[in-house]
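Please look over the model below with its aromatic side chains in mind. My notes follow it as numbered points.

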Amino acid sequence: MEFDVKNVKRFGAVGSGSGDDTAAIQDALDSLKDSGGTVFFPAGVYPISKCLLYYSNQRLIFENGAVLMRANDKMMYILANSTTSDQGGYSATHNIDIIGATFDGNAEIDYKATLLNNSHMSDLRVKNCKFRNGHTWHFYECNSSKYVHVDGCIFENSMRGTVKSEYIQLDSALIGAYGTTPIAPDDTVCSYITISNCRFECSGFSPAIGNHSHKTHNNIKIYSNSFIGGSGNRGNIDLMSTVHSLDIYGNSFENADKGVWHTDDLPAPKDEAERKKYFQDKVVYDRERPWFVHGNRFTNVNTVCADDVVSFGNILNGKQI
């Protein structure tokens, strides 16, 4: 990556909290589309009216106090990677850092949104970011991507959503589920996902980390996070049981009904061949590639984890279980 640095204010972004900074910021990102480099956001509130797109080999660095804020109810995404319809698998975008951003869905806008979104990419690092004022969908949706690390982020208790409004959702790129640029709907799953050192202020109705489709996402590490508050009738971490090879350790859970859970209340696929594969996969994953839940601390949590996960060395209300 070349160490070319572009300041968004040099491209005309104001950051005053009024007006529209979309075009100026996109110009800064586009200027490094081919070469890669760093886009710097000085402190300020940048209203965004259309989803911003970043490209491979870019670092997006936000000074403390730099906020990307949704400007209207016509746009449903603030920031996403560039994709094309022929970039399947993990081929669309690679080697990205997003550091220090505050993503604000705007409390004054009463319409659905996902604040950060990626699809068909690899090697993404989201560090020390804040997420606030989500609506209906997710704070962050990770689609069909691998080698993603979310670290040191804060997810505020400001989501207006439903039981399916996971703060972080893992999904496959689907037409209609990723509305920013064209995608290749090839059913690629998420793999090698790490979520660490984050604070999840749960809103009482949806998981902090989860999904709600029958996908075989895999090789997921969730460690050293704080989960505060409940997630309704779902768990703070609540992934479908087809998700496999999970390692959940060193986290703290407070004041929730369920800690680690899988809510398989969605219907199995309607197609008979897909149904057969789904149930075969579920048996294999449960037996051969289980979830490990260990070394976590639970306080005032009614159910630590589902019965069919491998659980050891956890502490509930000060006592090892």
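The points below concern the aromatic rings and their surroundings.

1. This is a predicted model, in which local features need pLDDT of at least 70 and side-chain atom pairs count only at pLDDT 80 or more, while totals for chains, interfaces and linings use all residues. Residues are numbered from 1 along each chain as its sequence is written, and side-chain values use heavy atoms, with hydrogens and water left out.

2. Searching the whole structure gives 14 aromatic pairs, where rings of Phe, Tyr and Trp (its six-membered ring) pair if their centres lie within 6.5 Å, and planes under 30 degrees apart count as stacked, over 60 as edge-to-face and the rest as tilted. One of them is the tilted pair of Tyr77 and Trp137, with 5.8 Å centre to centre and 35 degrees between the planes. Because Tyr77 belongs to strand β7 (residues 77–81) and Trp137 to strand β13 (residues 136–143), this pair ties together parts 60 residues apart in sequence; strands here are DSSP runs (E, at least two residues), numbered from the N terminus.

3. Tyr77 is buried at 6% relative accessibility, whereas Trp137 is partly exposed at 22% (buried means under 20% relative accessible area, exposed over 50%, partly exposed in between, with a 1.4 Å probe and protein chains only).

4. Phe139 and Tyr167 make an edge-to-face pair, 4.9 Å centre to centre with 75 degrees between the planes. Phe139 lies in strand β13 and Tyr167 in the loop between β15 (154–155) and β16 (168–171), 28 residues apart. Phe139 is buried at 0%, and Tyr167 is buried at 1%.

5. Ring pairs also join residues into a cluster, which includes Phe139, Tyr167, Phe103 and Phe298.

Definitions and conventions: Helix = DSSP H or I, 4+ residues; strand = E, 2+ residues; numbered from the N terminus.
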